[in-house]
Amino acid sequence: MLQNILLKVITLREKYIKERTFLLILALATGILSGFAAILLKSLIGWISTIVTSHILSDKSSAIYLIFPAVGVLITMLYVVYIVRDNISHGVTRVLYAISQKKSRLKPHNMYSSMIASSVTIGFGGSVGAEGPIVFTGAAIGSNLGSLFRLSPKLLMMLVGCGAAGGIAGIFKAPIAGMLFTIEVLMLDLTATSIMPLLIASVSAATVAYVFTGYDLEFFFTQSEPFVTRRIPYVILLGVFCGFVSLYFTKVMNMMENLFRKIPNRWIKFGIGSLILSSLIFIFPPLYGEGYSSINWLLDGNPQELFDSTLFFEYRNQTWVVLLMLGLIILSKVFATSATNGAGGVGGTFAPSLYVGCVAGFFFAYLINYVGAFDIPLSTKNFALMGMAGVMSGVMHAPLMAIFLTAEMTGGYQLFLPLLIVSTLSYGTIRIFSPYSIYTMRLAQAGKLLTHQKDHTVLTLLKMDSVIETDFVQVRPEMSLKDMVHVISQSHRNLFPVVGVQNEFLGVVLLDDIRNIMFRPELYRRMYVRKFMSAPPAIIEIGMNMETVMKIFDDTGAWNLPVVEDGKYMGFVSKSKIFNSYRRVLKHYTDE
């Protein structure tokens, strides 16, 4: 019944509503749903956190930092393994993978599963953020809504971006940042076709958030100290410092993920990750949860609050102890985040990068004030705000998004110029050492990443199975020249793969190579394929990405190359076939 109604709706839509117009309608719906999803996720996290910190333990003590984060990770792991039965970690990376490799199609359970898992992880104190999961959720809403109405892959990709933009706009009340996140992080092109759907989704999601949660900003920041231009040299130094902090964050996160990936048993992963997480939170309670309270304390210029319930409480007024505490938090936050995810929790690196940036900015100004002599010391509050934008810009390789997100969620528009300087320099610094963000690094290494470069994007979208040609007549090495001539007479190709008994690829026979002997009957019984076959200039493996394949063609100068899988002959791929497919995909995905 429902299917028949849907079919009628689709038919009427195709008849009366243009596809581009319908995209705007679905962008609005995606934005609204993503906004509600963001509100729901924040509410779930707050509700669980309240139960854990208030109802279960009325007397807050350090024991909570040792027990409950591990409990939350355990519940999350069991939920993912036995109920979801799918990998839902690293939400932003999975959205990028879906765009690059799955024609922007995400599973229906992604619309809710990562929200449930991350709310439990974070609510119990896991040291991760909710922004990655809400991006995953919003993108899944857009993907499934577009699939429901059978939109083309090109428009489906746009709806995935709308969902991601709506998720960021809804959870931070930052519509401009939501749109820029999609453009810079998900790397969707900013065109006349894409700008309106992204704006509609971002604005509608932010509107939902404002209507149902009020006009309060995410972080409370009051600029009590004006920014003066003679502090610009220190702003420049902060930008470079944030770039190196971002590089440290990215490298350590990648290293820890590799270590956890090498552990085959999930219970061992849980044990090791929980031990690291609980130990770090026990020593540094500010690492508990998203850390938004700590950010508000630093933006208020009050680092002493970080010492509450810590082992260093008695030393909170000593400057060098404050510096040591801040420095250790910067170094250890990435270990706590990677341990949370590695143990089986679900959460993103968005909030941790904000957290580390805020601490790094405050630490920088606090250190300069400690060692320097100024008539007017640096504003630790202002530099904490700039640090948020700087580290976020470097970690995500998204300077514009970092600038506008920081300004929108704090109201710090008066610091727009230093925000620009810090974000730009941080991004420029990390780009020297790492061309890819924390989200795109693994996909780029595997050649499965879409970028703003059209050539690279189209090659990424091309799949090997769509360009393999199999109409080549196979020959055996023991065949005689007479048999070979007979095969040639029945083939329209001038290239013949030589295969063994078990279809293993052995070589090729080129018509040009035997043209001088194929009309000599006296050699028909004396010459065999194994004597005149040759090795190809290169062999293509079935798992290679198309960019690597094209590089091999360029290096060898070949026009046709054999494709094998575990040594077994699969067919041939030709430049002409790739070029034809390239033109088709380019037209399909970039036609305005």
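**Overall look**

I started with burial: 56% of the 592 residues of the protein count as buried. I'm keeping in mind that this is a predicted model. Next I went through the secondary structure and found 24 helices and 6 strands in the protein.

For the contacts, I took residues at least 6 apart in sequence; 75% of those contacts join residues at least 24 apart. Then the surface: the protein exposes about 25,700 Å², and carbon and sulfur atoms supply 62% of that.

**H11 against H13**

I wanted a helix pair to look at, and picked helix H11 (residues 266–283) with helix H13 (residues 319–343). At what angle do H11 and H13 pack? I get about 150°, with the axes 8 Å apart. Angles over 145 degrees count as roughly antiparallel, so that is what I call H11 relative to H13. I also noted the handedness: the crossing of H11 and H13 is left-handed.

Then I listed who makes the contact. On the H11 side I have Lys-269, Phe-270, Gly-273, Ser-274, Ile-276, Leu-277 and Leu-280. H13 brings Ser-332, Phe-335, Ala-336, Ala-339, Thr-340, Gly-342 and Ala-343. Sorted by class, the contact has 8 nonpolar, 5 polar and 1 charged residues.

**H12**

The buried ones are Tyr-292, Ser-294, Ile-295, Asn-296, Leu-298 and Leu-299.

What do the buried residues of H12 pack against? My list runs to H6, helix H7 (153–172), H13, helix H14 (350–371), helix H15 (380–396) and helix H16 (399–410).

**Thr-137**

Thr-137 is found in helix H6 (residues 131–148). Buried or exposed, I asked of Thr-137? Its relative accessibility is 0%, so I put Thr-137 down as buried, the cut-off being under 20%.

Which residues does Thr-137 touch, leaving out those up to four places away in sequence? I wrote down Ala-37, Asn-110, Met-111, Ser-114 and Met-115.

Terms used: Residues are numbered from 1 along each chain as its sequence is written. This is a predicted model: local features need pLDDT of at least 70, side-chain atom pairs count only at pLDDT 80 or more; totals for chains, interfaces and linings use all residues. Side-chain values use heavy atoms; hydrogens and water are left out. Axes are lines fitted to C-alpha atoms, for helices over the stretch in contact, and angles run from 0 to 180 degrees between N-to-C directions. Helices (H or I, at least four residues) and strands (E, at least two) are DSSP runs, numbered from the N terminus. Angles under 35 degrees count as roughly parallel, over 145 as roughly antiparallel, 65 to 115 as roughly perpendicular and the rest as oblique. A crossing is left-handed if the near helix is turned anticlockwise from the far one by less than a right angle, and right-handed if clockwise. Contact means heavy atoms within 4.5 Å. Ala, Val, Leu, Ile, Met, Phe, Trp, Tyr, Cys and Pro count as nonpolar, Asp, Glu, Lys and Arg as charged, and the others, Gly among them, as polar. Buried means under 20% relative accessible area, exposed over 50%, partly exposed in between (1.4 Å probe, protein chains only). Accessible areas come from the Shrake-Rupley method with a 1.4 Å probe; for residues, only the protein chains shown count as cover.
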